[in-house]
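Here is a short briefing on one protein chain. Look at the fold as a whole, then zoom in on a single residue.

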Amino acid sequence: MAFYDDYLAGIDNLEHRQKFAQVLKWVEAHYPNLEGRIAWKQPMFTDHGTFIIGFSVAKAHFSFAGEAKIITVFKKEIQQAGLSYGKKLVRVGFDQEVPYELLAKVIEFNLNDKKDCQTFWRKS
């Protein structure tokens with residue numbers, strides 16, 4: 001049983017559940033050293049106790065967050081992918097292709113940028 005199975009069970013739309021499950025499985029397959037857990041009622045992945053990426057689901061999209069810094073660093077790529085975003089998260093419509101290349105860049109960036117981080121969140 002995966003750590004996120006109960007979370008997935010709460011997604012009523014079967015197509016959305018399946019698509020989002022693929023995203024979480026992709027993260028697990030490509031980053032097996034990350035620790036997955038549910039925190040703040042959402043699936044997230046950490047490395048050495050520091051936040052790397054988190055996910056949440058809404059009616060028409062899922063979001064991923066890697067802290068506010070990723071919006072600054074990847075803003076151009078987020079816009080080019082046609083994704084909407086806020087101060088700390090990026091929204092992927094369930095009718096859009098999953099931007100796996102961008103997800104990989106965000107995860108790799110956070111792994112590198114936070115390799116010496118001793119706190120869960122970046123210090124401002």
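The points below cover the model, the overall fold, the surface and one residue.

This is a predicted model: local features need pLDDT of at least 70, side-chain atom pairs count only at pLDDT 80 or more, and totals for chains, interfaces and linings use all residues. Residues are numbered from 1 along each chain as its sequence is written, and side-chain values use heavy atoms, leaving out hydrogens and water.

**Overall fold**
- The protein chain has four helices and six strands (DSSP runs: helices are H or I with at least four residues, strands are E with at least two, numbered from the N terminus).
- Along the sequence, the pattern reads α-α-β-β-β-β-α-β-β-α.
- The C-alpha atoms fill a box of roughly 40 × 35 × 25 Å along the principal axes.
- Of the contacts (heavy atoms within 4.5 Å) with a separation of 6 or more, 56% join residues 24 or more positions apart.

**Burial**
- Buried residues make up 43% of the 124 residues (buried is under 20% relative accessible area, exposed over 50%, partly exposed in between, with a 1.4 Å probe and protein chains only).

**Focus on I53**
- I53 sits in strand β3, which spans residues 50-57.
- I53 counts as buried because its relative accessibility is 0%.
- Leaving out residues up to four places away in sequence, I53 touches M44, F45, F64, A65, L103, V106 and I107.
- Y4 is 49 residues from I53 in sequence, and their C-alpha atoms are 14 Å apart in space.
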